Amino acid sequence: MRVGLIVVSLAAAGAHAAAPVDAPDAVRAQAREIFAHIVGIESSIGEGKVPLVAKYLAERFKAGGFPESDIHILPLGETASLVVRYRGNGKGGRPIALIAHMDVVTAKRSDWQRDPYTLTEENGFFFGRGTSDVKQEVALLTATFLRLKAERFVPTRDLIVAFSGDEETAQATAADLVTTHRDLVDVEFALNGDGGGGVLSEGTAKPLIFYVQGAEKSSAQFLLTTHNPGGHSSQPRSDNAIYDLADALKAVQRYEFPVMWNDWTIGDFKAASAVTKGALGEAMARFAAEPGNAAAAAEIAKVPAFVGRIHTTCVATMLSGGHAENALPQSATATVNCRIFPGTSGGDVQRTLQELVGPSVEVRQGYDALVSNASPMRTDVMNAVAKAVHASNPGTPVVPTQASYATDGAVYRNAGIPTYGVGGVYVMGSEEFAHGLNERVRVNEFYTGLTYWDVLIKALAG
């Protein structure tokens, strides 16, 4: 679920004169071949084709010299996960996992300008479902493993590719990996291709900033329900299930959860403030210098793209009520979606909602919130990412951030595995079409990702 890359005014970041170091032509060709094949598999929910992606990739790993005993396809319902271990010499510490997902959001072919399940190269872009969420990272990680194996590179620690099969829906395969198959992914930390990543400037498409995502919010569903004896619509009363629910929703709308912060959000605001003009930039600077500053928080909260960075948010998303056009409603229900700041539990949010709406409104949790505490900010990870970023795009600032959405990284953090979103492909905000029509990624940015992952892996395990 790689969505919502935030684009700030970064003209002050400066130009980047040095050219990226290209991967060899053979590696580029191999990466493109893998990319095309997996985009061509309709691995969305209900199709039962994720195992085909896993099988194809497993065959590539086996052909590339990985022992069959280190390649694991793990079926789960209609989907599956894939785990491949790259054996190291053990001198560099515990293993590192490199994670991404093989499934994609459903694409309606008739609405697309091109077949979403054919990789189409056109006008400097690769088009197709999953090209930016997140089959590009699956292809890049696979190609990088194969490249390193062909070069007879021996890592100083085991490297583990762990591709899940239902990140866009239930995330059951990731949960299965960190529980039932924990021995396969028992690592010191994980690098997540489905988070973080680079931002390109509007118009010039210059690399401007690279985000390292060390925290993400949990998603939770709460159902608010009112009940009433009902009656004939010709005899309206002051008590009404729909009106009562409307009052409850207005109470939720008026409430702002307490302002919160962590190292990732403070680092983000500090960097963004230097290159963001106007009141927003000034507020970011004040908040970074004085975390919790109420006036600064209020200014930041005016911008929807940033409000999720400073506190838990809850918003009504669905409504249902009544049973007949000529009868007073006997019940009404609203779905409220909450994005919970790391360090807060779903139970805490439920109690707050109940206090807001009062005892006459039933508040129940639709599904369990996946608690995902922030990962510690590791110097070795941040330095390695900076080295990889500068090898492919010299001079690009590397900035910590927290996502307002959730990925499989939340599953790993919940299981006690620190996880860092470090996706290697840069995207321009106006070209961000993950989950949407005509999803795309720039061709040159895809290939530059090969340099990035090669340098990053060697920096951490070389």
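Predicted model: local features only at pLDDT ≥ 70, side-chain atom pairs only at ≥ 80, totals over all residues.

Colleague: Fine. At what angle do α6 and α7 pack?

Modeller: About 140 degrees, with the axes 8 Å apart. Helix α6 covers residues 263–273 and helix α7 covers residues 278–289. The two are therefore oblique to each other.

Colleague: Is the crossing left-handed or right-handed?

Modeller: The crossing of α6 and α7 is left-handed.

Colleague: Which residues make the contact?

Modeller: From α6, Ile266, Phe269, Lys270, Ala272 and Ser273. From α7, Gly281, Met284, Ala285, Phe287 and Ala288.

Colleague: How do the residues of that contact divide into nonpolar, polar and charged?

Modeller: Seven are nonpolar, two polar and one charged.

Colleague: New topic. Where is threonine 226 found?

Modeller: In strand β10, residues 218–227.

Colleague: Buried or exposed?

Modeller: Threonine 226 has a relative accessible area of 2%, so it is buried.

Colleague: What is threonine 226 in contact with, leaving aside neighbours within four places in sequence?

Modeller: Ala241, Asp244, Leu245, Gln330, Ser331, Ala332 and Val361.

Colleague: Which backbone oxygen lies 2.6 Å from a polar atom of the threonine 226 side chain?

Modeller: That of alanine 241.

Colleague: Last one. How many Å apart in space are threonine 226 and arginine 147?

Modeller: 60 Å, C-alpha to C-alpha. In sequence, threonine 226 and arginine 147 are 79 residues apart.

Technical notes. Residues numbered from 1 in each chain as written. Heavy atoms only, no water. Axes fitted to C-alpha atoms, helices over the stretch in contact; angles between N-to-C directions. Helix = DSSP H or I, 4+ residues; strand = E, 2+ residues; numbered from the N terminus. Parallel < 35°, antiparallel > 145°, perpendicular 65-115°, else oblique. Left-handed = near helix turned anticlockwise from the far one by under 90°. Contact = heavy atoms within 4.5 Å. Nonpolar A, V, L, I, M, F, W, Y, C, P; charged D, E, K, R; others polar. Buried < 20%, exposed > 50% of the residue type's maximum accessible area, 1.4 Å probe, protein only. Polar contact = N/O pair within 3.5 Å; in protein donor to acceptor, adjacent residues only side chain to side chain.
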